[in-house]
Amino acid sequence: MGQLLRVLSIEDMEEDTQFVMGELRRAGYRPSWARVDTARSMAAALKRQPWDIVISDHPLPRFNAFDALELLKAKQFDLPFIVVSGRIGEHTAVRVMKAGAHDCIMKDSLLRLVPAIERELREAEERRERRRAEAALRDSEARFRSITAKVPGMVFQMLRAADGTLCFTYASEGAAALCGLPREAIQADATAFTRLIHPADRDDFHGSLSVSARTMKHWNWEGRLRTDREAIKWANCRA
């Protein structure tokens, strides 16, 4: 048994659909398909079950590839879409690719069909993996922000370049209470934080960072921050 491939065929000729399915079987696939030739029947098929790929003729008497692509976009389906047509000019082929089709193949020359399908299935899976990773990252960041919001003081991630330049890749909302600055200001420019360090403590601040970088040991610095003209705060930084 070959790999199952669920194909939504947009085609008005049953024999043409059968011909394409035969090509897929010869390539080792086990195609399961439905043939549609109107927007209404396509919408019903999309609702009925999941699909792996759409193979569309162009044009059809009551439908075409442009209509099918618009329907996919409207319903927010990200499916590989390959046009297989016996009568599509170069200009129309370019237009349909710009509209979102992933490839355009002539019916009388299907040598590229299976390689195109394999390529588009791989790229579709990569897009799904990327979306899953982005969703997981958003969820992780939301949980992290929820945790850091409850921690007193400022939670941060700071990077130190080889030349000693600093940048904050993250600072929690606690930056406002500690530094009197929004976290966005510190993330945009690390000197917004270092300028708050009391002049008498700045050499010690940078020196302790240098030692930590050189020895790869935990950093622990305590010193004074001047958050306005009068107030002095003692801060203990650990990383």
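Me: Let's take M216, then: buried or exposed?
Reply: M216 counts as exposed, with a relative accessibility of 71%, where exposed stands for a relative accessible area over 50%, buried for one under 20%, and partly exposed for anything in between (1.4 Å probe, protein chains only). This is a predicted model, in which local features need pLDDT of at least 70 and side-chain atom pairs count only at pLDDT 80 or more, while totals for chains, interfaces and linings use all residues. Residues are numbered from 1 along each chain as its sequence is written, and side-chain values use heavy atoms, with hydrogens and water left out.

Me: Where does M216 sit, and what is its phi near?
Reply: M216 is placed in the loop between α9 and β8 (220-226), and its phi is near 55 degrees, a positive value in a residue other than glycine. Q76 also has a positive phi without being glycine, near 60 degrees; Q76 lies in the loop between α3 and β4 and is exposed at 72% relative accessibility.

Me: OK, zooming out, how many helices and strands are there?
Reply: The protein chain has nine helices and nine strands, both taken as DSSP runs numbered from the N terminus, with helices being H or I of at least four residues and strands being E of at least two. With 239 residues, the chain has a radius of gyration of 30 Å, well over the 18 Å from the globule rule, so the chain is more spread out than a compact globule. That radius is taken over C-alpha atoms, and the rule is 2.2 Å times the number of residues to the power 0.38.

Me: What does the C-alpha trace span along its principal axes?
Reply: The span of the C-alpha trace is about 85 × 35 × 35 Å along those axes. Buried residues make up 38% of the 239, and of the contacts with a separation of 6 or more, 52% are between residues 24 or more positions apart, a contact being heavy atoms within 4.5 Å.

Me: Switching to salt bridges, how many does a search of the whole structure find?
Reply: The search finds 19, a salt bridge being a side-chain nitrogen of Lys or Arg within 4 Å of a carboxyl oxygen of Asp or Glu. One of them joins D103 and R119, whose closest N and O atoms are 2.9 Å apart. D103 lies in strand β5 (residues 103-106) and R119 in helix α5 (residues 113-148), so this pair ties together parts that are 16 residues apart in sequence.

Me: And how accessible are D103 and R119?
Reply: D103 is buried, with a relative accessible area of 8%, whereas R119 is partly exposed at 27%.

Me: Which residue does R128 pair with in a salt bridge?
Reply: R128 pairs with E125, at 2.9 Å between the closest N and O atoms; the two are three residues apart in helix α5, and therefore separated by about one helical turn. Both count as partly exposed, R128 at 31% relative accessibility and E125 at 32%. In helix α1 (residues 14-26), R26 and E23 are likewise three residues apart, about one helical turn, and their side chains meet in a salt bridge of 2.6 Å, N to O. There is also a network of salt bridges that links E11, D16, D57 and K107.

Me: Last one: H198, buried or exposed?
Reply: H198 is buried, with a relative accessible area of 14%, and is placed in the loop between α8 (191-194) and α9 (202-215). Not counting residues up to four places away in sequence, H198 touches R224, R226 and I232.
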